[in-house]
Amino acid sequence: MKTSWNDTPHIERYLNNELSEEEKILFEAQLVFDRHLKLNVRLLKRIHSLIKLYGRKKMKAEIEKIHHKLFQSPEHLIFQQRIQQLFKNYD
Amino acid sequence: MIIEEIAFDLKDLKQREEAFEQLYEEVFPVIADIVSRQGGSFQDAKDIFQDALIIFYEKNVSGALNVRLSEEAYIVGIAKHLWNKKLKSKYKLLSLDSFEKKILLPEDYFEVETSKTNRLLHLLEVAGKKCVELLRSIYYDKLSLNEVSQIHGFSNAHSASVQKYKCIEKIKVIVEQKSLSYEDLME
C-alpha cells in the first residue's frame, strides 16, 4: 500500500488533477502524515516547474531566432522599415 | 476564422517555425503599432510579442484556447493583457473587448527566477540533458508518448514511459541534493 502512494505515476495523476474525488481525498489524507510522500510531491512539483522554465527558455530562443532572421536579413527590408517607421513617429 | 482551424501543428518543430514566422510578420506590426502609440519602445513591443507568442503556444498545446478568436486576434489579446500588466499608469490601460477579457494569463509566467533556480536548471542541463529534453517534450510540449517515441527514438510508447520515470528518478536525486535543505522542500 505504502509504495503505491509514493508511486510517481500516482503522484503525477494527483498533480494533474486526474484522480477521482475519492482517490484525491485518500491521497490528501495520506499527505498529512506521510512525510516521505509529501517530499516526493514537492520534488515532482519542483521538477514540473523547472521543466516548464526550461521549455519557456527554449521557446524564447526559437522565437529569437525568427526575430533575428526578420530583422537582419535584407529580404525582409520592407518589414523592417515598416516597423522602424512606427517607432519614429512617436519619438 | 475560429481557433479550431489552426493550419499548423505547433507541436512539430518545422511547422512551428513556419507558423511563428508567419505570425511574426502578421501580428508583430499590430503589436508594435499599439505599443508605439502608447509610448513604448521597440524593445517593449518585442518582449510583449514574444511573451504573447509563448503563452499562445502553451495554450495551444494544452488545448486551452477556449475563446473563439482567430490566432492573430488571440495573440493581440494576450499582448494587450501583457501591456496592461506592465503599465504603471492606470490612465493608459488598453481597453479589451469581451472576447479579450476572457483570456487568462498563466499565473506562473511572471515569477522571477532566483539565481538558485537558474543554477539548478543549468546543472540539470549539464547532468541530464537527454532527460531534460524528454521531460520537456512530455510536460511542456504536451506530446503523447507515441509522439515522444518518434522524436526521441524509442521503439514504442511503453519504452518512452519507462524512460520517463527513470528520468524523473534521476532528476529527483539531483534536485533533492541541490536543494538547500530538507526544509526547503518541506515548508
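1. Chain A contains five helices and zero strands, so that, because only DSSP runs of helix and strand are numbered as elements, the order from the N terminus reads α-α-α-α-α. The model is a predicted one, and the remarks that follow should be read with that in mind.

2. The overall dimensions of chain A deserve a comment. Its radius of gyration is 24 Å, whereas a compact globule of 91 residues would have one near 12 Å. Taken along the principal axes, the box filled by the C-alpha atoms of chain A is roughly 65 × 25 × 20 Å. Buried residues account for 14% of the 91 residues in chain A.

3. As for the interface, 29 residues of chain A are in contact with 36 residues of chain B. On the side of chain A that touches chain B, the elements giving two or more residues are α4 (35-72) and α5 (77-89) of chain A, and α4(A) gives the most, with 21 residues. By class, the residues on this side of chain A comprise 16 nonpolar, five polar and eight charged.

4. I51(A), which lies in helix α4 of chain A, illustrates this side of the chain. Is I51(A) buried or exposed? I51(A) is buried, because 23 other C-beta atoms lie within 10 Å and the cut-off for a buried residue is 20 or more. Apart from neighbours within four places in sequence, I51(A) is in contact with V132(B), L135(B), R136(B), Y139(B) and Y140(B).

5. R13(A) counts as partly exposed because it has 16 C-beta neighbours inside 10 Å. When residues up to four places away in sequence are not counted, R13(A) touches E18(A) and L19(A). Between R13(A) and Y54(A), which are 41 residues apart along the chain, the C-alpha separation is 22 Å.

6. Which residues have the most contacts inside the largest nonpolar core? They are A52(B) and L53(B), in a core of 30 residues. The elements giving two or more residues to this core are α4 of chain A together with α1 (13-37), α2 (42-61) and α3 (71-86) of chain B. A52(B) itself, leaving aside neighbours within four places in sequence, is in contact with I75(B), I78(B), A79(B) and L82(B). A second, separate core has 17 residues, including L43(A), Y139(B), A160(B) and I171(B). As general background, nonpolar side chains tend to be buried together in soluble globular proteins.

7. The last point concerns a helix pair in chain B. The axes of helix α6 (residues 145-152) and helix α7 (residues 157-178) of chain B come within 8 Å and cross at roughly 85°, which means that α6(B) is roughly perpendicular to α7(B). The contact is made by L145(B), N146(B), V148(B), S149(B) and H152(B) of α6(B) and by A157(B), S159(B), A160(B) and S161(B) of α7(B). Sorted by class, the contact of α6(B) with α7(B) has four nonpolar, five polar and no charged residues. A160(B), one of the contact residues of α7(B), is also among the residues included in the second core.

Notes. Residues are numbered from 1 along each chain as its sequence is written. Chains are lettered from A and ligands numbered from 1 in the order in which they are written. This is a predicted model: local features need pLDDT of at least 70, side-chain atom pairs count only at pLDDT 80 or more; totals for chains, interfaces and linings use all residues. Helices (H or I, at least four residues) and strands (E, at least two) are DSSP runs, numbered from the N terminus. The radius of gyration is taken over C-alpha atoms; the globule rule is 2.2 Å times the number of residues to the power 0.38. A residue is buried if 20 or more other C-beta atoms lie within 10 Å of its own, exposed if 12 or fewer, and partly exposed in between; C-beta atoms are placed from the backbone. Two residues are in contact if their C-beta atoms, placed from the backbone, lie within 7 Å. Ala, Val, Leu, Ile, Met, Phe, Trp, Tyr, Cys and Pro count as nonpolar, Asp, Glu, Lys and Arg as charged, and the others, Gly among them, as polar. A nonpolar core is a set of buried Ala, Val, Leu, Ile, Met, Phe, Trp, Tyr and Cys residues joined through C-beta atoms within 7 Å. Axes are lines fitted to C-alpha atoms, for helices over the stretch in contact, and angles run from 0 to 180 degrees between N-to-C directions. Angles under 35 degrees count as roughly parallel, over 145 as roughly antiparallel, 65 to 115 as roughly perpendicular and the rest as oblique.
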